[in-house]
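Please read it with the sequence and the model at hand.

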Amino acid sequence: MTNEPNTSPLGTRTLGTASPLTVSTLGLGCMGMSEFYGTGDEQQGIETIHRALDLGVTFLDTADMYGPFTNERLVGRAVRGRRDDVQLATKFGNERAEDGTRLGINGRPEYVRAACDASLQRLGVEHIDLYYQHRVDKTVPIEETVGAMKELVEAGKVRYLGLSEVSPETLRRAHAVHPISAVQVEYSLFSRDPENGLLDTCRDLGVATVAYSPYGRGLLTGTISSRDDIRAGDFRSSHPRYDGDAFDHNLKLVDAVRAVAGEVGCSPAQVALAWVLAQGEDILPIPGTRRVKYVEENAAAADLSLTAKQIANLNEAVPQGAVTGDRYLPAGMASVNR
């Protein structure tokens, strides 16, 4: 029961030191194949996952709340017959009903166990490689939640543990119960919050950082020039960084990324991804997409090396705090960094 790549055309990175999991240098975020970015196309999603695996992207990220539940089923169907080529990551904690109703954040031990069993069934696998608590439940001590997650490891249902959007203090408490291999957090040139202590704590504990939304919710790709580019059903239509003056301000910051892309001869998206990769070997970006052509573009970025001067220019043009607008609406912001 290894499911870890000895090699990958893209190279590999290791998540964690006390409890290490080796994965491909890039992962694939599967969320948008089912929800949040407009109507999903299951067959297109499966084809995208298959292409990712063929290119050497072996780390797939999903969660029970995506869909809800449909994304895990999609991923499960996509990896059928290729389980040994894949490291599967999924999450629990953002509880939703079948009709999509949000029921709140749940970190109770009995829910942890039930959620894991349900995810295993939907994915159609015997174990989950990396199991995250999606959001921290303030009503349940983190020691109790991670204690239940530890039991899943001992039962062979889960191999490694992770947390998502967690504070440094909570991470330390969780890590004392069982080694945490990775913390998932939004991290990009546009979202630098992890640099305010979380990255240092992760490195002190030997915990890797899995960076979701490395393209700044799509703004850093350079493919969005107006709000009209956002499709119906796309949650970004109400995202703070896409709102009015904030959108206009943030779009101007992308000019620096375009400039570097012109120097290198690549796309702005590849520059944004290369910037994240350059922040440390302990950081793993998981760009999300539902299209084969973007998986191919992402994979090509794994070989892209920015010069120290180019990275410095990007940091100078888009310093921490330069972006206007929160990462989420108020309700979402209340659930992060707990």
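The numbered points below concern a predicted model and take up the sheet, the salt bridges, a pocket and the backbone in turn.

1. The sheet. Eight strands make up an open sheet, and their order across it is β3-β4-β5-β8-β9-β10-β11-β12, with parallel pairing. The edges are held by β3 (27-29) and β12 (283-285); each has a single partner strand, so one side of each is left without a neighbour in the sheet. From one strand to the next, the twist averages 25°. In general, strands of a sheet pair through backbone hydrogen bonds, in either a parallel or an antiparallel manner.

2. Strand β10 (residues 182-186) and strand β11 (residues 208-212) run parallel and are joined by five bridges. Within this pairing, E186 has Y212 of β11 as its bridge partner.

3. The whole structure contains 24 salt bridges. One of them pairs R51 with E296, with 2.9 Å between the closest N and O atoms. Since R51 belongs to helix α1 (residues 42-55) and E296 to helix α9 (residues 292-301), the pair ties together parts that are 245 residues apart in sequence. R51 counts as partly exposed, at 30% relative accessibility, and E296 is likewise partly exposed, at 33%.

4. Salt bridges between helix and loop. D117 and K157 form a salt bridge whose closest N and O atoms are 2.8 Å apart. D117 lies in helix α3 (residues 109-123), whereas K157 is in the loop between α4 (142-154) and β9 (158-164), so the pair connects parts 40 residues apart in sequence. Both ends are partly exposed: D117 has a relative accessible area of 37%, and K157 has one of 27%. A further salt bridge joins D282 to R203, the closest N and O atoms being 2.7 Å apart. Here D282 sits in the loop between α8 (268-277) and β12, and R203 in helix α6 (residues 198-205), 79 residues apart. D282 is partly exposed at 22% relative accessibility, as is R203 with a relative accessible area of 39%.

5. A network and a pocket. Which residues are linked in a network of salt bridges? The members are E165, E186, D193, R217 and R327. Among the residues that line the second largest pocket are E165, D193 and R327, together with others including V166, P168 and N337. This pocket holds about 170 Å³ of space. By class, its lining consists of six nonpolar, two polar and three charged residues.

6. Backbone points to inspect. Most residues other than glycine have a negative phi, and most peptide bonds are trans. The peptide bond from G67 to P68 is cis, its omega being near -5°; P68 is placed in the loop between β4 (59-61) and α2 (70-79). E165 has a positive phi, near 50°, and is not a glycine. Its place is in the loop between β9 and α5 (168-177), and at a relative accessible area of 2% E165 is buried. S213, also not a glycine, has a positive phi of about 50°. S213 is found in the loop between β11 and α7 (244-264). Is S213 buried or exposed? With 14% relative accessibility, S213 counts as buried, because the cut-off for buried is under 20%.

Key:
Residues are numbered from 1 along each chain as its sequence is written. This is a predicted model: local features need pLDDT of at least 70, side-chain atom pairs count only at pLDDT 80 or more; totals for chains, interfaces and linings use all residues. Side-chain values use heavy atoms; hydrogens and water are left out. Two strands pair if DSSP finds at least two bridges between them. Helices (H or I, at least four residues) and strands (E, at least two) are DSSP runs, numbered from the N terminus. Axes are lines fitted to C-alpha atoms, for helices over the stretch in contact, and angles run from 0 to 180 degrees between N-to-C directions. A salt bridge is a side-chain nitrogen of Lys or Arg within 4 Å of a carboxyl oxygen of Asp or Glu. Buried means under 20% relative accessible area, exposed over 50%, partly exposed in between (1.4 Å probe, protein chains only). On a 1 Å grid over the protein atoms alone, a cavity is a set of points where a 1.4 Å probe fits but cannot get out, and a pocket is an open set with protein on both sides within 12 Å along at least five of seven lines; lining residues have an atom within 4 Å of a point. Grid points are joined across faces, edges and corners, and a volume is the space filled by probe spheres set on the points. Ala, Val, Leu, Ile, Met, Phe, Trp, Tyr, Cys and Pro count as nonpolar, Asp, Glu, Lys and Arg as charged, and the others, Gly among them, as polar.
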